[in-house]
Amino acid sequence: MEYIVIPSKSKAETSFFLDLLKKMQKEFSTLSKDEMEEVVFAKLLKDAEKAGKGSLSKVKAHLSKVASGK
């Protein structure tokens with residue numbers, strides 16, 4: 001399965017693309033900006049883990065410390 005990401009700046013733009021995809025009988029879903037950032041962030045963490053340049057568990061531990069203010 002392949003995905004296409006179409007960013008939009010307004011509800012009118014989003015509506016236009018959703019209507020177009022419906023007419024083309026394509027499956028689609030929408031993501032908010034925050035949801036998209038989470039997906040990309042998770043992918044980057046996984047890529048870093050595979051590259052051997054970091055440890056996902058160490059990054060998570062560091063982020064936990066940052067989030068808790070320590």
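Helices (H or I, at least four residues) and strands (E, at least two) are DSSP runs, numbered from the N terminus. By that definition leucine 20 has its place in helix H1. The model is a predicted one, in which local features need pLDDT of at least 70 and side-chain atom pairs count only at pLDDT 80 or more, while totals for chains, interfaces and linings use all residues. Residues are numbered from 1 along each chain as its sequence is written, and side-chain values use heavy atoms, with hydrogens and water left out.

## Overall form

The chain has 3 helices and 0 strands. Read from the N terminus, the order of elements is α-α-α. The radius of gyration (taken over C-alpha atoms) is 17 Å, well over the 11 Å that the globule rule (2.2 Å times the number of residues to the power 0.38) gives for 70 residues, so the chain is more spread out than a compact globule. The C-alpha trace spans about 50 × 30 × 15 Å along its principal axes.

Burial is counted from relative accessible area: buried means under 20%, exposed over 50%, and partly exposed in between (1.4 Å probe, protein chains only). Of the 70 residues, 1% count as buried. Accessible areas come from the Shrake-Rupley method with a 1.4 Å probe, and for residues only the protein chains shown count as cover. The chain exposes about 6800 Å², of which carbon and sulfur atoms supply 59%.

## Helix H1 and the segment before it

Helix H1 covers residues 11-23 and contains leucine 20. Leucine 20 is partly exposed, at a relative accessible area of 36%. Together with Phe16 and Met24, Leu20 forms a nonpolar patch on the surface, and the three have about 300 Å² of accessible area together. Patches are made of residues with over 30% relative accessible area and no salt bridge; like charges are joined within 9 Å, and nonpolar side chains (Val, Leu, Ile, Met, Phe, Trp, Tyr) within 5 Å.

Phenylalanine 17 also lies in helix H1. At 27% relative accessibility, phenylalanine 17 counts as partly exposed. Valine 5 is found in the segment before H1, and with a relative accessible area of 57% valine 5 is exposed.

## The loop between H1 and H2

Glutamine 25 sits in the loop between H1 and H2. The relative accessible area of glutamine 25 is 74%, and the residue is exposed. Glutamine 25 is not a glycine, yet has a positive phi of about 55°. Most residues other than glycine have a negative phi.

## Helix H2 and charge

Helix H2 spans residues 33-51, and aspartate 34 has its place there. Aspartate 34 counts as exposed at 53% relative accessibility. On the surface, Asp34, Glu35, Glu37 and Glu38 gather in a patch of negative charge.

For the charge count, Lys and Arg are positive and Asp and Glu negative, with His and the chain ends not counted. The place of a charge is taken as NZ of Lys, CZ of Arg, CG of Asp or CD of Glu. The chain has 14 positive and 10 negative side chains, and the centres of the two sets lie 6 Å apart.

The structure holds 1 salt bridge, defined as a side-chain nitrogen of Lys or Arg within 4 Å of a carboxyl oxygen of Asp or Glu. The partners are aspartate 47 and lysine 43, whose side chains meet at 2.7 Å, N to O. Both residues lie in helix H2, 4 residues apart, about one turn of the helix. Aspartate 47 counts as partly exposed, at 34% relative accessibility.

Leucine 45 also has its place in helix H2. At 16% relative accessibility, leucine 45 counts as buried.

## Separations along the chain and in space

| Pair | Apart in sequence | C-alpha to C-alpha |
|---|---|---|
| Leucine 20 and serine 55 | 35 residues | 42 Å |
| Phenylalanine 17 and lysine 50 | 33 residues | 35 Å |
| Valine 5 and methionine 36 | 31 residues | 9.8 Å |
| Leucine 45 and leucine 56 | 11 residues | 6.4 Å |
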